[in-house]
Amino acid sequence: MLTESFKRVYWETTAGCNLRCIHCRRLDVLTKQSSEELSLSQAKSLIDDLAAMGKPVLILSGGEPLFRKDIFEISSYAKARGLGVGISTNGTLVNEEIARHLKDSGIHYGSISLDGAKAATHDIFRGKGNFDRAVRGAKHLMQAGIKVQVNFTVTKQNVQELAQMYEMARSLGAYALYLFLLVPVGCGVKLADSQMLDAQEVETWLKWAHQKDKEGPLPIKTICAPHYYRIESEAGRRGGEPSQDSRKGCLAGVHMCFISHKGDVFPCGYLPVSCGNIKETPLRKIWENSPVFKNLRDPDLLEGRCGACSYKLVCGGCRARAYYSHQDYLHEEPYCAYQPASAPA
C-alpha cells in the first residue's frame, strides 16, 4: 500500500512569522495569522487522516508555528492520535515556559535554523540579534527535554563556516546537524546567482560532510542534496556496482509531502507544483492518485543526466532545483557534477 511509504508530512501551520529571512521559501510572509489558514477543526481532520495513513511523522512548520495560538492543542491532539510530532521554529520566540508547553503537548523534537557559526553571518540572513535569540531558544528546548537538530542552509556566504558550525552544534548538545542546499524558491530566487554553490563546490562539500559524518560523533544529514547518496554509494559500493537501494535522496512525493497553510498539497515545500487541496479532496486520495506524485515515484521518467544515471534509484536528483532551472520537475538536477557514462556531455 502507498500509505506504507508515507513517512513524513510537513504542515505549514501558518504563513505568519516574526522574521523576514532573505532566503525564505515564501514571498508573502505575514505579520499575523491568515483567515485562509486551516482552522482547528480542519487541522484535527488532517491529523485524523494521517493517523489512518500509517501515522507518518508530523512536522509543524511555518512561517513561525508559534504564531498559532492553538499550536499546543494541535500538537496534543496529534500525539493523542499516535503521531510523532516535531516542530520547525526559528527559535527566537522560545522561552522556558513555551519550551515546557511544547514538551507537555507532545513535541518530541525540534529544529532550529542557524545560518552561520557567528552572529554576524547568521544575522545577515535573519536579522540583527536573532542569532543569540535562536541559540537561547535551542537551549530552552533542550532543557525541556526536546531533542534539537540544527539546520544550516549552505550558501557561498557561509560555507566557509561549515566546520565551525559542526563544532558549535556539537557543543550546544544538538542531536544532529542538518545541511540544506539552497533551493531557489520564494525569496531564495533573488539569491540564486550570488549565493548558490556551483556543482563542483557542492561535490566538494558533500564529500566533506560524508567524511565528517563517518568520523562522528555528531550525525550529519544532508537535505535537498540527494547526490550525497551517490557519493555515499560510491564510497561504500563493492564490485564496482552502484547501489540499488531504495530512494534515500529526493523524497518529495515518494516518502513525504508538504501541506501549505491554505491546505494545498505539494511534493515538498520547495517544489511549487500543487497536487490538490485537502479542503476539497481527502489527503489519502491526493497521496495515492495525484499524477504528479505518480510521476515522481517512477525513476524511469527522469530526464537528462538524471534519467541516464545509474544512481537514480538511490538519489533521484533535487526535483525542486530541476523545476527552477528547467520548469520541469522531471528534468536533470542542475547542481550535480556527476556525468553518467551514458549521458551526453
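The structure is a predicted model, in which local features need pLDDT of at least 70, side-chain atom pairs count only at pLDDT 80 or more, and totals for chains, interfaces and linings use all residues. Residues are numbered from 1 along each chain as its sequence is written, and side-chain values use heavy atoms, with hydrogens and water left out. The structure holds 3 cavities of 30 Å³ or more and 7 aromatic pairs.

**Cavities**

- A cavity is a set of points, on a 1 Å grid over the protein atoms alone, where a 1.4 Å probe fits but cannot get out; lining residues have an atom within 4 Å of a point.
- Grid points are joined across faces, edges and corners, and a volume is the space filled by probe spheres set on the points.
- The largest cavity has a volume of about 150 Å³, and 15 residues line it.
- Nearest the centre of the largest cavity lie Arg 305, Cys 306, Cys 309, Cys 315 and Cys 336.
- The lining of the largest cavity consists of 7 nonpolar, 3 polar and 5 charged residues; Ala, Val, Leu, Ile, Met, Phe, Trp, Tyr, Cys and Pro count as nonpolar, Asp, Glu, Lys and Arg as charged, and the others, Gly among them, as polar.
- The second largest cavity has a volume of about 70 Å³.
- Two elements give two or more residues to the lining of the second largest cavity, namely β6 (176–181) and α8 (199–215); helices (H or I, at least four residues) and strands (E, at least two) are DSSP runs, numbered from the N terminus.
- Helix α8 gives the most to this lining, with 4 residues.
- The lining of the second largest cavity divides into 11 nonpolar residues, 1 polar residue and no charged residues.

**Residues at the cavity linings**

- Thr 222, which is among the residues lining the second largest cavity, is found in strand β7 (residues 220–223).
- Thr 222 counts as buried, at 7% relative accessibility; buried means under 20% relative accessible area, exposed over 50%, and partly exposed in between, with a 1.4 Å probe and protein chains only.
- Beyond its neighbours within four places in sequence, Thr 222 is in contact (heavy atoms within 4.5 Å) with Leu 179, Leu 206, Ala 209, Tyr 228 and Tyr 229.
- Tyr 228 and Tyr 229 are among the buried residues of helix α9 (residues 228–236), and what covers the buried residues of α9 includes α8 and β7.
- Cys 336 lies in the segment after α13 (319–326) and counts as buried, at 15% relative accessibility.
- Cys 336 and Glu 203 are 133 residues apart in sequence and 7.2 Å apart in space, C-alpha to C-alpha.
- Beyond its neighbours within four places in sequence, Cys 336 is in contact with Ala 199, His 227, Arg 230 and Arg 305.

**Aromatic rings**

- Rings of Phe, Tyr and Trp (its six-membered ring) pair if their centres lie within 6.5 Å; planes under 30 degrees apart count as stacked, over 60 as edge-to-face and the rest as tilted.
- The pair of Phe 258 and Phe 266 is tilted, because the ring centres are 6.4 Å apart and the planes stand at 50°.
- Phe 258 is buried, with a relative accessible area of 6%, and Phe 266 is buried with 16%.
- Phe 6, Trp 287 and Phe 293 are linked into a cluster by ring pairs.

**Charges over rings**

- A charge sits over a ring if NZ of Lys or CZ of Arg is within 6 Å of the ring centre and within 35 degrees of the ring normal.
- The charged end of Arg 297 sits over the ring of Trp 287, at 4.4 Å from its centre.
- Lys 212 lies over the face of Tyr 166, 4.8 Å from the ring centre.

Technical notes:
On a 1 Å grid over the protein atoms alone, a cavity is a set of points where a 1.4 Å probe fits but cannot get out, and a pocket is an open set with protein on both sides within 12 Å along at least five of seven lines; lining residues have an atom within 4 Å of a point.
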